[in-house]
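Have your viewer open as you read.

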Amino acid sequence: MNAVAAELREILKGPVLVGEPLRLHTTWRIGGPAGLFITPRNEEELFAALRLLTQVGMSWIALGTGSNLLIRDGGFSGAVIHTGALRDMEFHEDGSAKVGGGLPVMRLIRQCVQRGLAGLEELAGIPATVGGAAVMNAGAGKQNLAGVLEGVFLVGPEGPEYWSCERLDLRYRASAVPSDRIVTAAALRFGRASSELLAKTVKQRLLARRQAQGVGKPNAGSVFKNPPGFQAWRLIDDCGLRGRTVGGAQISEKHANFIINRGGARASDVLTLIDEIKKKVQKQTGIELEPEIRVIGEA
Ligand SMILES: Cc1cc2nc3c(=O)[nH]c(=O)nc-3n(C[C@H](O)[C@H](O)[C@H](O)COP(=O)(O)OP(=O)(O)OC[C@H]3O[C@@H](n4cnc5c(N)ncnc54)[C@H](O)[C@@H]3O)c2cc1C
């Protein structure tokens, strides 16, 4: 591990961390250590790092804000590639833009409001990066990434690539991007609206989100996808699971599709709750809930 870290230090200008606690990088504040933790500053650095990792046979994952990730208590023994430094923004007269994969979606939305660019304002308050939002096809209200995305610039083991929307196959909280590709930037095309109207929508969405989802403790948003025709929170609630606690993890009293970290929760506590929810909802309703969150790492 140390030899790979030393070689990565030659490639990257930023720090190469060994054993970085991943709970510091997830909104759940849960997760064991990373074998290696790096933050490449551009596509070239990223590709050079991936080439080395491929040579030495070390796996990797991308990490944005960690707002949809449950990292197991044993951590992830490969390399965690944090996209936080990929934040460039380029806006064009015709309403198109190219923005970095590590850019916070909220920062992008603020720019869109100023520039009168419509299409993402209903996503205000989602604590995502652009890359994470593209891969998950994040959405809220009537909008999602698919509505504005033209394609993404990725880097994989073979180098930089561009995937159009067709290849991305964006679906409800899912896409075809495999785990060895890192989205470095997104090509977007917006509609037009007045800055006043956009600002009003953003304000409303932030307020509504605080009212419905202000659970007051670390969480990862909705744990399960809504099955067609149903709301996951209602199915969980109808099974009497609201407030159920395992270790430091609890099904939120306020929003039954959120699991909160009341302090010191382990990934295993969350996984036990997820398992209980799935089994009880299946038994009582016959509906199989599918997790929206992604589970990564070793027990
Ligand atoms: C309070 C709260 C509210 C939320 N509300 C919503 C909501 O309304 N709608 C919604 O859709 N989601 C919501 N989420 C979930 C979450 O914010 C989204 O899924 C978001 O898209 C995840 O982005 P991220 O940058 O945090 O990705 P991460 O959680 O860091 O990663 C998620 C997955 O994407 C991969 N990934 C991340 N970045 C890249 C990249 N650059 N290239 C390739 N792969 C990458 C990771 O490897 C991982 O598999 C909410 C979460 C929280 C905590």
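## A three-stranded sheet

Two strands count as paired here if DSSP finds at least two bridges between them. Keep in mind that the model is predicted. With that in hand, look for an open sheet of three strands, ordered S15-S16-S17 and paired in the antiparallel sense. Strand S15 (245-246) and strand S17 (259-261) are at the edges with a single partner strand each, so one side of each has no neighbour in the sheet.

How many bridges join S15 and strand S16? Two bridges link S15 to S16 (residues 249-251), and the pairing is antiparallel. Within S16, Gln250 is the bridge partner of Thr245. Packed on this sheet is helix H8 (residues 267-285), which touches S15, S16 and S17. The direction of H8 makes about 30° with that of S16.

## The second largest pocket

Now for the second largest pocket, which holds about 250 Å³ of space. Its lining has 14 residues, and those nearest the centre are Asp88, Lys98, Gly100, Thr184 and Ala185. Strand S7 (96-100) and strand S13 (182-189) are the elements that give two or more residues to this lining. S7 provides the largest share, three residues.

## Where the pocket sits

Why does the second largest pocket lie between domain 1 and domain 2? Both domain 1 (2-82) and domain 2 (89-211) contribute residues to the lining of this pocket, so the pocket lies between them.

Note on methods. Residues are numbered from 1 along each chain as its sequence is written. This is a predicted model: local features need pLDDT of at least 70, side-chain atom pairs count only at pLDDT 80 or more; totals for chains, interfaces and linings use all residues. Side-chain values use heavy atoms; hydrogens and water are left out. Helices (H or I, at least four residues) and strands (E, at least two) are DSSP runs, numbered from the N terminus. Contact means heavy atoms within 4.5 Å. Axes are lines fitted to C-alpha atoms, for helices over the stretch in contact, and angles run from 0 to 180 degrees between N-to-C directions. On a 1 Å grid over the protein atoms alone, a cavity is a set of points where a 1.4 Å probe fits but cannot get out, and a pocket is an open set with protein on both sides within 12 Å along at least five of seven lines; lining residues have an atom within 4 Å of a point. Grid points are joined across faces, edges and corners, and a volume is the space filled by probe spheres set on the points. Domain bounds come from an automatic or database domain assignment.
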